[in-house]
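Please look over the model shown here. The report below goes through its sheet, its loops and a few side chains.

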Amino acid sequence: TVDLLSGKIVVAAGRKAFIFDTETNKLLHTLEGHTDDINCCKFSKDGRRVVTASRDRTAKIWDTLTGRLLLTLSGHTDWVRACDFSPDGTRVVTAS
């Protein structure tokens with residue numbers, strides 16, 4: 001899965017997501033922490049966070065400047081198949 005936002009791209013492959021600078025093609029951050037494949041990844045509208053959704057039944061929110069994990073959303077009883085931020089960036093929606 002892939003999401004693009006003004007000069008940055010996030011790509012999920014397997015259990016990791018990668019944030020690249022699209023102008024330099026430089027890898028900025030590797031987002032590690034899921035224990036199964038990632039199904040979806042999305043930038044917040046302001047570009048400061050990324051949410052990832054995984055087959056490990058969690059969604060995770062990451063800081064795009066540092067690559068640090070901010071929050072793990074657990075409680076799903078099946079794979080988390082989709083995720084996104086609300087337009088104002090204050091909420092996250094997930095689907096499993």
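Contact, in this report, means heavy atoms within 4.5 Å. The model is predicted.

## Trp-62 and its surroundings

Trp-62 belongs to strand β7. Leaving aside neighbours within four places in sequence, Trp-62 is in contact with Leu-31, Glu-32, Gly-33, Arg-48, Arg-49, Val-50, Thr-52, Gly-67, Arg-68, Leu-69 and Leu-70. Its relative accessible area is 2%. Buried means under 20%, so Trp-62 is buried.

One of these contacts is polar: the side chains of Trp-62 and Thr-52 meet at 2.9 Å. His-76 is another matter. Trp-62 and His-76 are 14 residues apart in sequence, and their C-alpha atoms are 19 Å apart in space.

## The open sheet

Which order do the strands of the open sheet follow? The order is β5-β6-β7-β8, 4 strands with antiparallel pairing. β5 (38–43) and β8 (69–73) stand at the edges. Each has a single partner strand, so one side of each is left without a neighbour in the sheet. From one strand to the next, the twist averages 15°.

β5 and β6 run antiparallel and are joined by 5 bridges. Cys-40 stands opposite Ala-53 of β6. The β5 and β6 hairpin has 5 residues between the strands, and there Gly-47 takes a positive phi near 80°. Strand β6 (residues 49–54) also pairs with strand β7 (residues 59–63), in the antiparallel sense and over 5 bridges. Arg-49 has Asp-63 in β7 as its bridge partner. In a regular strand, side chains alternate between the two faces of the sheet.

## His-34 in its loop

His-34 sits in the loop between β4 (27–32) and β5.

Two polar contacts involve the side chain of His-34. The side chain of Asp-56 is reached at 3.0 Å. The side chain of Thr-58 is reached at 3.4 Å. Beyond neighbours within four places in sequence, His-34 is in contact with Arg-15, Thr-52, Ser-54, Asp-56, Thr-58, Ala-59 and Lys-60.

## Positive phi outside glycine

Asn-25 is not a glycine, yet it has a positive phi of about 60°. Asn-25 is placed in the loop between β3 (16–21) and β4. Its relative accessibility is 62%, so Asn-25 counts as exposed.

Arg-57 is not a glycine either, and has a positive phi of about 75°. The loop between β6 and β7 holds Arg-57. With a relative accessible area of 43%, Arg-57 is partly exposed.

## Aromatic rings

How many aromatic pairs does the structure hold? It holds 1. The rings of Phe-18 and Phe-20 have their centres 6.5 Å apart. Their planes lie at 40°, so the pair is tilted. Phe-18 is partly exposed at 21% relative accessibility. Phe-20 is partly exposed too, with a relative accessible area of 27%.

A charge sits over a ring elsewhere. The charged end of Arg-55 is over the ring of Trp-79, 4.2 Å from its centre.

Methods:
Residues are numbered from 1 along each chain as its sequence is written. This is a predicted model: local features need pLDDT of at least 70, side-chain atom pairs count only at pLDDT 80 or more; totals for chains, interfaces and linings use all residues. Side-chain values use heavy atoms; hydrogens and water are left out. Rings of Phe, Tyr and Trp (its six-membered ring) pair if their centres lie within 6.5 Å; planes under 30 degrees apart count as stacked, over 60 as edge-to-face and the rest as tilted. Buried means under 20% relative accessible area, exposed over 50%, partly exposed in between (1.4 Å probe, protein chains only). A charge sits over a ring if NZ of Lys or CZ of Arg is within 6 Å of the ring centre and within 35 degrees of the ring normal. Two strands pair if DSSP finds at least two bridges between them. Helices (H or I, at least four residues) and strands (E, at least two) are DSSP runs, numbered from the N terminus. Axes are lines fitted to C-alpha atoms, for helices over the stretch in contact, and angles run from 0 to 180 degrees between N-to-C directions. A polar contact is a pair of N or O atoms within 3.5 Å; within protein, one must be able to donate a hydrogen and the other to accept it, and residues adjacent in sequence count only if both atoms are side-chain atoms.
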